[in-house]
Amino acid sequence: MSRTPAPLSIFSGVVLLGTFSTSSTGCLLLKGEPAYTTTRGMTVGFWRRTERLSISDVQLRDNVGDAQTETYEFTYTPKPGGWFSPTYESVWLTLEVQFGQSRTSATGGFPAIVQAPREMDLTVNEEVGWIIGMKCDDAVSVGLPDAGLQYAADTVLFQSCEIHLVQDDYDGLVLLEVFGDGKINMQTTSGEVSVN
């Protein structure tokens, strides 16, 4: 049985279902609402780079050169329930990542140009009964310096996000890191995630 999704609205450039919104992250997630049939190809989350870094004395400035793009298809399989728990279907998603060099405001001690993620879009590839959303940290992460407290000239930044998958009382979580060289890292403790 197909259910009609809650109405979509546009507010400050962010697609919303409910009240969650930030300036650089879009999330379609309503915990506690009944699941609906997600439309194939629907964007369920997005992120756009801001100037904020996880170290307070340096900011990201303009991009240098064209962006490169990597596309990852992955499947989330929920952890099986017990005898009296419902069983939920796997969901197949696509994450498109744009990345490249970005200039920083650094005047010394930190590279003037770094590899940074620029934007990402999360779409669903099939109609499923999940409510899916993505929330990302406010700042791009820098990571730790070397033993001499210096950052390498080819420093690669990363963005940390959470992908939530909700259906009835089941709340799945995928932890996502997207790196400035286009690589990703995904982990979950509430099922399995596999990059196709």
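## Thr155 and its contacts

Thr155 touches Pro111, Val114, Gln115 and Val142, leaving aside residues up to four places away in sequence; contact means heavy atoms within 4.5 Å. Thr155 lies in the loop between β8 and β9. Strands (E, at least two residues) and helices (H or I, at least four) are DSSP runs, numbered from the N terminus. Thr155 is buried, with a relative accessible area of 9%. Buried means under 20% relative accessible area, exposed over 50%, and partly exposed in between, with a 1.4 Å probe and protein chains only.

This is a predicted model, in which local features need pLDDT of at least 70 and side-chain atom pairs count only at pLDDT 80 or more, while totals for chains, interfaces and linings use all residues. Residues are numbered from 1 along each chain as its sequence is written, and side-chain values use heavy atoms, with hydrogens and water left out.

## The chain as a whole

The chain has twelve strands and zero helices. Read from the N terminus, its elements run β-β-β-β-β-β-β-β-β-β-β-β. Of the 196 residues in the chain, 42% are buried.

Among contacts between residues at least 6 apart in sequence, 62% join residues at least 24 apart. The accessible surface of the chain comes to about 10600 Å², and 51% of this surface belongs to carbon and sulfur atoms. Accessible areas come from the Shrake-Rupley method with a 1.4 Å probe; for residues, only the protein chains shown count as cover.

Two strands pair if DSSP finds at least two bridges between them. Strands β5 and β6 pair in the antiparallel sense over twelve bridges. In this pairing, Phe74 stands opposite Leu93 in β6.

Strand β6 is also joined to strand β7 (residues 113-124) by eleven bridges, and these two strands run antiparallel. Here Leu93 stands opposite Val124 in β7.

## The sheet from β8 to β11

Four strands form an open sheet in the order β8-β9-β10-β11, with antiparallel pairing. Its edge strands are β8 and β11 (184-187), each of which pairs on one side only. Neighbouring strands of this sheet are turned by 20° against each other on average, direction ignored. For such angles, axes are lines fitted to C-alpha atoms (for helices over the stretch in contact), and angles run from 0 to 180 degrees between N-to-C directions.

Strand β10 (residues 170-179) is joined to β11 by four bridges, and the two run antiparallel. Val178 stands opposite Ile184 in β11.

## The disulfide

A disulfide is a covalent bond between the sulfur atoms of two cysteines. Here it is counted as a pair of cysteine sulfur atoms within 2.5 Å. By this rule the count comes to one disulfide.

Which residues form the disulfide? Cys136 and Cys161 do, with their sulfur atoms 2.1 Å apart. The link of Cys136 and Cys161 is right-handed, with 100° about the S-S bond. Cys136 lies in strand β8 (residues 131-136) and Cys161 in strand β9 (residues 158-167), so the pair ties together parts that are 25 residues apart in sequence. Cys136 is buried, with a relative accessible area of 3%; Cys161 is buried too, with a relative accessible area of 3%.

## Aromatic pairs

A pair of aromatic rings is described by the distance of the centres and the angle of the planes. Rings of Phe, Tyr and Trp (its six-membered ring) pair if their centres lie within 6.5 Å; planes under 30 degrees apart count as stacked, over 60 as edge-to-face and the rest as tilted. A search of the whole structure finds five aromatic pairs. In one of them, the rings of Tyr88 and Tyr170 have their centres 5.5 Å apart and their planes at 50°, so the pair is tilted. Tyr88 lies in the loop between β5 (60-78) and β6 (91-104) and Tyr170 in strand β10, so the pair ties together parts that are 82 residues apart in sequence. Both Tyr88 and Tyr170 are buried.

The rings of Phe158 and Phe179 have their centres 5.4 Å apart and their planes at 40°, so this pair is tilted. Phe158 lies in strand β9 and Phe179 in strand β10, so the pair ties together parts that are 21 residues apart in sequence. Phe158 counts as buried at 16% relative accessibility, whereas Phe179 is partly exposed, with a relative accessible area of 23%. Tyr76, Tyr88, Trp130 and Tyr170 form one aromatic cluster.
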